[in-house]
Structure formats: C-alpha cells, structure tokens
Amino acid sequence: MSAKSIFQEEKNPRGIPKAPFIANVEEYLGGPDGAVETPLKNFQDAIAKYRYMDANLTQRRKGLEDKIPDIRKTLHMVEFLQERREGKNKNDDLEDDLSDENSESPQKPLTTTFELNDTLFAEAELEDTDTVYLWLGANVMLSYKLSEAASLLRSKLDLAEASLKATIEDLEFLREQLTVMEVNTARVYNWDVKRRRERRLAGEADGKKGG
C-alpha cells in the first residue's frame, strides 16, 4: 500500500485530497494478522505531505494579508486623486460659465506625505495630474491614467481577496485532514498494542496449561 493510495479520490475545490477515516482497523489491515509497519509509514508520509502544503499555504496567507492593505491603500489614493480632478474639472466648467479675466485662480497643489520606509516619511506637493505610476513587481513600473489605474487596482484587490478566502478555506480543510490522519495513526498503533498484549497473554496461558 503506497502513500498515494491512502488519499481518497474526493478533493476540495483546489484539489487537496481528503483523508479517509479508518473506522475498522482490522479490516483495513486485511485481517487479524495484518502488518502495521507499512500502513503506519504511509500515514506518516501522508501527514508530511499535508504539513508541507500547510506550510506553503500559511506563507501564502501571510503574503496576501500583507499585500491586500497595500493594494487597498493605493486604490484609495488613486480614487482620491480621481475625485479631486473631477471636482476641479467641474469647477473649471462653472468658472468658464461665469468667467471674467480676473476670476480665475489655479488650484493649489496637494501637499501630502509619502512613506520612504517603515519609520521615515517625506513631504511632497502633488501637481494636478491624470496619470499615476504603479509598481507591478519585479522592478517594473508603468504609467496609467487615473481611471485605468483604479480599474486595475480594483481587479487586483478582488483577486487578492478571493485568493485569501480560498487560502483560509484550504488551511482549515488541511488541518481537518491532518487531524484525521493523526487519529488514524493512533488507532492503528493502539490496535497493534492491544493485539500484541492479547497474543502475549494467550501465550502465557498456553504455557501454564502445558506446564
């Protein structure tokens, strides 16, 4: 019996196999004389695979939990710039309707702070613009119109949140399977201990009869 055969065909939506619960140990081992060494080793191999998947998904969850706030913060900033620009355009249209040569006054630059690292911020003035630059990873930065940037960030945020939800579900499923396999291991081990004890007692009883 291989470790692969332990896993059931039933899987969760991301393809993680479900662990079987061994209700009847003797039947699973093939009878009262069934060997336990190979099944126990296969159980440990299966547990190791589940733990490996758990470690990878835990790392993925942490990465997403760090990434999502950054995406959300960037999206809020782009939406703010978009709203500010749309508001300016409306004011410009209103001023055009009521204009005279002395009535126009340019909008003041936006003063803000930006993060250089975890503890250091710098102050900057943002001129009116319809373009922003977004980091895409791997030292790649591209320019986008505000509307395009907002659309891209919303899409990335939706994907990241859906991925985080699926990852959390997978972690919960994995831990259930780990519990099942650990219970199976304990049941087989205890069954073998009981079998050895019964055989020893039976041997001692036979010895006394023979004496």
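**View 1. E204 and R200 pair up in a salt bridge.** Their closest N and O atoms are 3.8 Å apart in this predicted model. Both residues lie in helix 4, four residues apart, about one turn of the helix. E204 is partly exposed, with a relative accessible area of 41%. R200 is partly exposed too, at 47%. Elsewhere, salt bridges with shared partners link R14, E169 and D170 into one network.

**View 2. D192 and R195 form a salt bridge.** Here the closest N and O atoms are 2.9 Å apart. The two residues sit three places apart in helix 4, about one turn of the helix. D192 counts as buried because its relative accessibility is 7%, under the 20% cut-off. R195 is also buried, at 13%.

**View 3. A salt bridge joins R154 and E79.** The N to O distance is 3.2 Å. R154 belongs to helix 4 and E79 to helix 3, so the pair ties together parts 75 residues apart in sequence. R154 is partly exposed, at 38% relative accessibility. A search of the whole structure finds 15 salt bridges.

**View 4. The largest nonpolar core holds 21 residues.** I16, V25, V36, F43, Y50, M181 and V188 touch the most other members. Helix 2 (25–29), helix 3 (37–97) and helix 4 (146–210) each give two or more residues to this core. Helix 4 gives the most, with seven. Another core, of 17 residues, lies apart from it; I68, L81, Y144 and L153 are among its members.

**View 5. F114, L116 and L120 form a nonpolar surface patch.** Together they have about 280 Å² of accessible area. L116 lies in strand 1 (residues 110–117).

Methods: Residues are numbered from 1 along each chain as its sequence is written. This is a predicted model: local features need pLDDT of at least 70, side-chain atom pairs count only at pLDDT 80 or more; totals for chains, interfaces and linings use all residues. Side-chain values use heavy atoms; hydrogens and water are left out. A nonpolar core is a set of buried Ala, Val, Leu, Ile, Met, Phe, Trp, Tyr and Cys residues joined through side-chain atoms within 4.5 Å. Buried means under 20% relative accessible area, exposed over 50%, partly exposed in between (1.4 Å probe, protein chains only). Patches are made of residues with over 30% relative accessible area and no salt bridge: like charges are joined within 9 Å, nonpolar side chains (Val, Leu, Ile, Met, Phe, Trp, Tyr) within 5 Å. Accessible areas come from the Shrake-Rupley method with a 1.4 Å probe; for residues, only the protein chains shown count as cover. A salt bridge is a side-chain nitrogen of Lys or Arg within 4 Å of a carboxyl oxygen of Asp or Glu.
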